[in-house]
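Here are my notes for you, as a set of numbered points. Have a look at the structure first, then read along.

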Amino acid sequence: MNTETQITEAGATPTKAGATPLDRPDTPTAPDTTVSYVYALSRAGTALDTTAPQLTGLDDGPLRTVTCGELSALVSSVPAGAYSEEGMRARLEDLSELAAVARTHHAVIEAAYATTTVLPMRLATVYLDDARVRSMLHERRADFGELLTWLEGHVELGVKVYADPREAVAAPPVPAPASTPAPVSPGRAYLQQRRAQRRHNRDAYRAAGAVAGAVPDRVSALARARVAHRPQQGELASGPGENISNEAYLVPAERTGQFHQALTGLADDVPGVHVEITGPWAPYSFATPPTAGAGT
């Protein structure tokens, strides 16, 4: 996952889902002090306790676990001023600075997820101290415990569909019956070319929409849940053309191969349409409990 993709796909934007819906809980007032930055949650007594001291967090700080009952939080100390409301607002204005924070944030989560099931926290979730972290774990212990059980043994896979009208135009045309075309003026030829271009654009987007619509049906038996994210734009879209569909699926870890196989060849015969599968990731998009009675 590249840095830009980390920011949008894996739940690292400050306004996007992908972690527990906690507002910034504390606003430090002394910028020369440190606060507790929370990366992820897990069950106490798991491999997280062993893994934490081996990891390096933001600002090269060592990681530790803060435990309350059956839950542990993966935490490091960071400068209060840099991670206050004002400090993070300044970072949001600098994509490269935000990307550096996101890169470390997700590296820690992925390393932890390689050893045990974790619940990723939203980027820049900070508390005044470890005591506040323990209080948070105690207050939400039931929700977090149920969610960890729900995520156990699952990974997140992303599916993006791209429309590229330029490639559709470049595709070999279907041979037409042999005939002698009537001569046309340069102006008429230009208008014909423009109409053909618009037709190719429409066709490419319609075809991409049809491919995107077929994805959920193909993988419905393999995925436990599905989340539709906003399509990525500009530098954040890594594939060719325009990203028209950006979805995340919660899939049993042992079925990732079947998931890939189910989507193999979906757009092979559709000029100008591409399907990209990403992951597996920690379940950033599913770190909020599903609504009771709701489907995927």
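1. Which residues are buried in α4? Leu-98, Ala-99, Val-101, Ala-102, His-105, His-106, Val-108, Ile-109, Ala-112 and Tyr-113 are. Buried here means under 20% relative accessible area, exposed means over 50%, and partly exposed is in between (1.4 Å probe, protein chains only).

2. Before going on, keep in mind that this is a predicted model, where local features need pLDDT of at least 70, side-chain atom pairs count only at pLDDT 80 or more, and totals for chains, interfaces and linings use all residues. Residues are numbered from 1 along each chain as its sequence is written, and side-chain values use heavy atoms, with hydrogens and water left out.

3. Back to α4, which covers residues 95–113 and has 19 residues. From first C-alpha to last, α4 reaches 26 Å, close to the 27 Å expected (1.5 Å times one less than the number of residues). Helices (H or I, at least four residues) and strands (E, at least two) are DSSP runs, numbered from the N terminus.

4. Now the inside. The largest nonpolar core has 28 residues, and Tyr-37, Tyr-39, Leu-58, Leu-74, Tyr-83, Ile-109 and Val-118 have the most contacts inside it. A nonpolar core is a set of buried Ala, Val, Leu, Ile, Met, Phe, Trp, Tyr and Cys residues joined through side-chain atoms within 4.5 Å. β1 (34–43), β3 (71–79) and α4 are the elements giving two or more residues to this core, and α4 has the largest share, six residues. In soluble globular proteins, nonpolar side chains tend to be buried together.

5. Leaving aside neighbours within four places in sequence, Tyr-37 is in contact (heavy atoms within 4.5 Å) with a list of residues including Leu-58, Leu-74, Tyr-83, Val-101 and His-105.

6. How many salt bridges are there? The count is two, taking a salt bridge as a side-chain nitrogen of Lys or Arg within 4 Å of a carboxyl oxygen of Asp or Glu. One joins Asp-130 to Arg-64, with the closest N and O atoms 2.9 Å apart. Asp-130 lies in helix α5 (residues 130–139) and Arg-64 in strand β2 (residues 64–68), so this pair ties together parts 66 residues apart in sequence. Asp-130 counts as buried at 18% relative accessibility, while Arg-64, at 26%, is partly exposed.

7. Arg-226 and Glu-247 meet in a salt bridge too, at 2.8 Å from N to O. Arg-226 sits in strand β7 (residues 225–229) and Glu-247 in strand β8 (residues 242–252), 21 residues apart. Glu-247 is buried at 8% relative accessible area, whereas Arg-226 is partly exposed at 33%.

8. Next, find the open sheet of four strands, in the order β7-β8-β6-β9 with antiparallel pairing. Strands pair if DSSP finds at least two bridges between them. β7 and β9 (273–281) are at the edges with a single partner strand each, so one side of each has no neighbour in the sheet. Between β6 (residues 154–163) and β8 there are 10 bridges, and Glu-156 stands opposite Leu-250 in β8.

9. Finish with Leu-263, in helix α9 (residues 256–263). Leu-263 is buried, with a relative accessible area of 5%. Not counting residues up to four places away in sequence, Leu-263 touches Val-159, Val-215, Arg-218, Val-219 and Ile-277. Although Leu-263 and Val-159 are 104 residues apart along the chain, their C-alpha atoms are separated by 9.4 Å.
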